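Here are a few notes to read beside the structure. Please keep the 3D view open and find each residue as you go.

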Amino acid sequence: MEQSAKIYEDLDRILVTKEEIAEKVRELGQKITKDYAGKEPVLVCILKGAVLFFSDLMREIDLPVTADFMAISSYGSATKTSGVVRVLKDLDKDIVGKDVIIVEDIVDTGVTLNYLKSMLAHRGAASIRIAALLDKTARRTVPDLKVDYVCFDIPDAFVVGYGLDYDQTYRNLPDIGVLSPKIYGDK
Ligand SMILES: O=P(O)(O)OC[C@H]1O[C@H](OP(=O)(O)OP(=O)(O)O)[C@H](O)[C@@H]1O
Ligand code: HPA
């Protein structure tokens with residue numbers, strides 16, 4: 001871990017190791033393979049945070065999936081959601097009649113996914129489910145949001161690594177850790 005030693009110094013602790021991530025992602029891939037047997041789901045990656053989870057998860061799904069990408073912006077400052085969701089890059093293909101699985105790195109307040117789910121539902125998808133790597137339920141402000149697949153429930157702390165960032169940094173950590181509050185102060 002020589003290469004990442006410097007950024008690891010900014011963590012209070014490691015929350016989920018890369019081995020634990022790999023195991024859960026494998027299990028989730030197998031579950032989705034069973035649940036969608038006979039179907040060809042569209043996996044929608046929500047950029048940028050979900051990109052590592054997405055690429056690992058799709059390799060664990062033994063079905064003819066297709067992949068599409070959407071970029072959105074919801075965070076006002078680096079650590080606080082603005083509550084306003086903007087689409088920065090839309091899907092390439094339409095999803096009418098498709099079984100869609102939205103792949104996200106983290107559900108925090110739930111505002112982003114709630115918005116995305118209803119937007120994609122309005123476009124006529126046959127079904128929409130959410131697969132999230134992390135779920136921070138303590139911060140939920142959208143209590144009705146159903147998160148169909150979750151790898152890890154986590155406590156209310158700002159986390160980075162395996163795709164998750166603070167100010168666009170730390171996404172390349174193989175593990176997920178709690179960022180030391182001294183790094184972000186009151187941002
Ligand atoms: O449940 P919420 O409170 O809405 O927060 C979750 C959203 O916040 C993060 O995105 P971010 O805007 O940080 O973009 P990124 O994926 O590019 O890091 C994350 O990827 C979710 O999309
Ligand atoms: O804890 C978090 N870390 C990184 N990005 C996030 N977006 C919402 N919550 C988080």
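**Notes on the model**

1. Tyr170 sits in the loop that links strand 8 and strand 9; helices (H or I, at least four residues) and strands (E, at least two) are DSSP runs, numbered from the N terminus. Its phi is near 80°, a positive value in a residue other than glycine. Is Tyr170 buried or exposed? Tyr170 counts as buried because 23 C-beta neighbours lie inside 10 Å. The cut-offs are these: a residue is buried if 20 or more other C-beta atoms lie within 10 Å of its own, exposed if 12 or fewer, and partly exposed in between, with C-beta atoms placed from the backbone.

2. Before going on, a word on what you are looking at. This is a predicted model, in which local features need pLDDT of at least 70 and side-chain atom pairs count only at pLDDT 80 or more, while totals for chains, interfaces and linings use all residues. Residues are numbered from 1 along each chain as its sequence is written, and chains are lettered from A and ligands numbered from 1 in the order in which they are written. The protein averages a pLDDT of 93, and 92% of the residues score at least 70; pLDDT is the predictor's confidence in each residue, from 0 to 100. The model scores ipTM 0.97 and pTM 0.94.

3. Now look at Asp167, which is placed in the loop between strand 8 (159–160) and strand 9 (176–179). Asp167 has a positive phi of about 55° although it is not a glycine. Asp167 is exposed, because it has 12 other C-beta atoms within 10 Å.

4. Next comes ligand 1. Which of the 18 residues around ligand 1 come nearest? They are Lys48, Gly49, Asp108, Thr109 and Thr112; a residue is near a molecule or strand if its C-beta atom, placed from the backbone, lies within 6 Å of it. Two or more residues of this shell come from each of strand 2 (42–47), strand 3 (66–75), strand 5 (99–107) and helix 4 (111–122). Strand 5 gives the most, with four residues. By class, the shell has six nonpolar, seven polar and five charged residues. Here Ala, Val, Leu, Ile, Met, Phe, Trp, Tyr, Cys and Pro count as nonpolar, Asp, Glu, Lys and Arg as charged, and the others, Gly among them, as polar.

5. Eight of its nine residues are buried, so strand 5 is largely enclosed by the rest of the structure. Strand 2 and strand 5 run parallel and are joined by four bridges; two strands pair if DSSP finds at least two bridges between them. Val103 in strand 5 is the bridge partner of Cys45. Strand 5 also runs parallel to strand 6 (residues 127–135), with eight bridges joining them, and Val107 stands opposite Asp135 in strand 6.

6. Last, ligand 2. The residues around ligand 2 are Ile106, Asp108, Phe158, Val159, Val160, Leu164 and Asp165. This shell divides into five nonpolar, no polar and two charged residues.
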